[in-house]
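Visitor: Could you take me through this model, one question at a time, and give the cut-offs as we go?

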Amino acid sequence: MDKETRELILELGQKIDLVSALILKLLPKKEGLQFKDQVRLLNDLKVRPVDMSKLTGRTQGHVGKELVAIRKEK
């Protein structure tokens, strides 16, 4: 894979992250997903915690705390 293709793939990934974050933020709070539910959904989709923090705009520590609580529920 050449350098130009890698750069295009990286740029596409960043745009997908942006769209995902916007969708999570645009959901009405009353009808939408609470932070814990967002983390649960992203975890079910096999999104890495570092990417979860980018998508939700929260720190990795905050995401990690929610993941621990979610895993204890199971």
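Visitor: Where is lysine 46 found?
Guide: The model is a predicted one, in which local features need pLDDT of at least 70 and side-chain atom pairs count only at pLDDT 80 or more, while totals for chains, interfaces and linings use all residues. Residues are numbered from 1 along each chain as its sequence is written, and side-chain values use heavy atoms, with hydrogens and water left out. Helices are DSSP runs (H or I, at least four residues) numbered from the N terminus, and on that numbering lysine 46 is in the loop between helix 2 and helix 3.

Visitor: Is lysine 46 buried or exposed?
Guide: Buried means under 20% relative accessible area, exposed over 50%, and partly exposed in between, with a 1.4 Å probe and protein chains only. Because its relative accessibility is 71%, lysine 46 counts as exposed.

Visitor: What is the phi of lysine 46?
Guide: Most residues other than glycine have a negative phi. Lysine 46 is a residue other than glycine with a positive value, and its phi is near 65°.

Visitor: Which residue just after helix 3 takes a positive phi?
Guide: The phi in question is about 75°, and the residue just after helix 3 that takes this value is glycine 57.

Visitor: How are helix 3 and helix 4 oriented to each other?
Guide: Axes are lines fitted to C-alpha atoms, for helices over the stretch in contact, and angles run from 0 to 180 degrees between N-to-C directions. Helix 3 (residues 49-56) and helix 4 (residues 60-73) pack with their axes 9 Å apart and at an angle of about 115°. Angles under 35 degrees count as roughly parallel, over 145 as roughly antiparallel, 65 to 115 as roughly perpendicular and the rest as oblique, so helix 3 is, relative to helix 4, roughly perpendicular.

Visitor: Which residues of helix 4 meet helix 3?
Guide: Contact means heavy atoms within 4.5 Å. From helix 3 come Pro49, Val50, Met52, Ser53 and Thr56, and the residues they meet in helix 4 are Gln60, Val63 and Leu67.

Visitor: How do helix 2 and helix 4 lie relative to each other?
Guide: The axes of helix 2 and helix 4 come within 10 Å and cross at roughly 75°. The two helices are therefore, relative to each other, roughly perpendicular.

Visitor: Which residues does glutamate 66 contact beyond its neighbours within four places in sequence?
Guide: Glutamate 66 lies in helix 4 and, at 14% relative accessibility, counts as buried. Leaving aside neighbours within four places in sequence, its contacts are Phe35, Lys36 and Val39.

Visitor: Which residues does glutamine 38 touch, not counting those up to four places away in sequence?
Guide: Glutamine 38 is in helix 2 and is buried, since its relative accessible area is 10%. Not counting residues up to four places away in sequence, glutamine 38 touches Leu24, Leu33 and Thr56.

Visitor: Which residues make up the largest nonpolar core?
Guide: A nonpolar core is a set of buried Ala, Val, Leu, Ile, Met, Phe, Trp, Tyr and Cys residues joined through side-chain atoms within 4.5 Å. The largest one has ten residues, namely Ala21, Leu24, Phe35, Val39, Leu42, Met52, Leu55, Val63, Leu67 and Ile70.

Visitor: Which helices each supply at least two residues of this core?
Guide: In soluble globular proteins, nonpolar side chains tend to be buried together. In this core, the helices that each supply at least two residues are helix 1 (3-26), helix 2 (35-44), helix 3 and helix 4.
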